[in-house]
Amino acid sequence: MLASTPRRVTVVEVGPRDGLQNERVEIATDVKVRFIDALTSAGLPVIEATSFVSAKSIPQLADADAVLRTVRRAPGVRYPVLVPNERGLERALAAGATAIAVFTAASDEFNRRNINASIDESIDRFVPVLKRAKADGIWTRGYISMCFGSPFDEQIAPERVVEVARRLDALGVDEISVGDTIGVATPNQVVELTALLTKDIDIGRVAMHFHDTRGTALANVLAGLECGISIFDSSAAGLGGCPYAPGASGNLATEDLIYMLDGMGIQTGVSLDGVVTASTLIAQALDHPPTSKYLQAATSG
Ligand code: HMG
Ligand code: MG
C-alpha cells in the first residue's frame with residue numbers, strides 16, 4: 001500500500017436513500033426501517049436514511065417523515081437526509097434530522113432535470129437552507145453529481161467540478177461528496193480530480209460516490225485511497241441509481257467495498273456479516289437479484 005493510503009476509512013451507507021429511490025416495487029415503511037436498523041447493527045457510522053424531496057419527483061421516498069421518526073438511532077451514528085430546498089429542511093427538522101445533504105451537479109442540464117434548477121439557481125436555493133442548518137447545529141454535506149461524465153454534456157472538465165465545490169465550501173458545508181452518477185469514471189480521472197480539488201478543499205472533507213455501472217467503482221476507490229481519500233459512499237446489496245440520470249445503475253456495493261478494505265487491513269468498524277444480513281433483508285423486498293458480488297458469493301451454495 002502507498003504511504004498516502006489511509007489506515008481508517010468512513011463508509012457512508014446510501015442504500016436506504018440512493019438505493020431505494022430507484023426501485024420499481026413499493027417498499028413498505030417498516031421494511032425500510034428494519035433495513036436501516038440492520039445497517040446500524042452492522043456498525044455503519046453514517047447511514048443516509050431518506051430524502052425530503054417532492055413526492056412527485058421521488059414517490060419511493062414519500063414516507064421520509066415516518067422513516068426518520070421511526071428508525072433506531074445509535075449514539076455516534078449520523079443519519080443524513082437529502083434536502084433540496086427550504087421546504088425540505090422544514091420537513092427534515094420536524095422529523096428530527098440532525099444531518100442534511102444538499103445536492104447540485106457539474107452539469108446544468110442534469111441539474112435542471114433533477115431539481116428543476118441550473119447550478120447557479122441551486123446554489124442560491126442552498127444559501128438559506130445551509131444558513132438555517134448551521135444556526136441549528138445541523139451537520140451538512142454537499143453533493144456534486146456528474147463529476148466524471150454526463151449523458152447531457154460532451155465532457156465534464158475537472159475545473160468545473162472544483163468551481164462548484166468551491167461554491168459549496170464557501171457556503172460552509174462540512175463535507176463534499178463527488179459523484180460519478182452514471183458510473184463512467186476511470187482511476188486516472190479520480191487521481192486528476194482529487195489532485196485539483198484538494199488544492200482548495202481539505203482532503204478529509206472530500207467523499208467519493210461511485211456508481212458501479214461499468215464495473216470500475218472498486219478500481220476508482222483504490223485510486224482515491226492512494227490519493228488519501230478516506231470517505232467513500234456505497235450501498236448495501238449494490239442498490240441504487242438516479243431516476244433522472246438515464247443509464248445510472250447501482251452504487252458500489254457496501255459488501256464489496258468492506259471486503260476489499262478488510263483485506264487491505266483498513267479499519268472501518270463495519271461488520272461484513274452484518275451488512276450481508278441487512279442486504280439479505282432488503283433483497284427479499286425487491287423484484288430483482290442484488291448486484292453485489294460479495295453477497296452473491298456469500299449466499300450461493
Ligand atoms: P419544482 O417542481 O421546481 O418545485 O421541483 P416547486 O417548488 O414548484 O414544487 C413542486 C411541488 O413539489 C409542489 O407541490 C411543492 O409543494 C412540492 P404541488 O403544489 O405541485 O402539490 N415540493 C415539495 N414537497 C415535499 N418536499 C419538498 C418539496 N419541495 C417542493 N422538499 C424539487 C423542485 C427540488 C422540489 C424537485 O425537483 C425534487 O424534489 N427533486 C428531487 C430529485 C431527487 O431527489 N433526485 C435524486 C437525488 S440526487 C442523486 O441521486 C444523485 C446523488 O446520489 C449523487 C450522485 O450519484 O451523483 C446524490
Ligand atoms: Mg448517487
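Helices (H or I, at least four residues) and strands (E, at least two) are DSSP runs, numbered from the N terminus. The exercises concern a predicted model, in which local features need pLDDT of at least 70 and side-chain atom pairs count only at pLDDT 80 or more, while totals for chains, interfaces and linings use all residues. Residues are numbered from 1 along each chain as its sequence is written, chains are lettered from A and ligands numbered from 1 in the order in which they are written, and side-chain values use heavy atoms, with hydrogens and water left out.

**Exercise 1.** Determine which element gives the most to the shell around ligand 1.

*Solution.* Step 1: a residue is near a molecule if one of its heavy atoms lies within 4 Å of it. Around ligand 1 there are 27 residues, and Lys-56, Arg-87, Asn-116, Ser-145 and Thr-181 come nearest.
Step 2: at least two shell residues come from each of helix H1 (15-19), helix H4 (86-94), helix H5 (108-115) and strand S6 (139-145).
Step 3: H4 gives the most, with three residues.

**Exercise 2.** Identify polar side-chain atoms that lie close to oxygen or nitrogen atoms of ligand 1.

*Solution.* Step 1: a polar contact is a pair of N or O atoms within 3.5 Å.
Step 2: for oxygen atoms of the ligand, Asp-18 places a polar side-chain atom at 2.9 Å, and His-211 places one at 3.0 Å.
Step 3: for a nitrogen atom of the ligand, an N or O atom in the side chain of Arg-91 is 2.8 Å away.

Notes: Polar contact = N/O pair within 3.5 Å; in protein donor to acceptor, adjacent residues only side chain to side chain.
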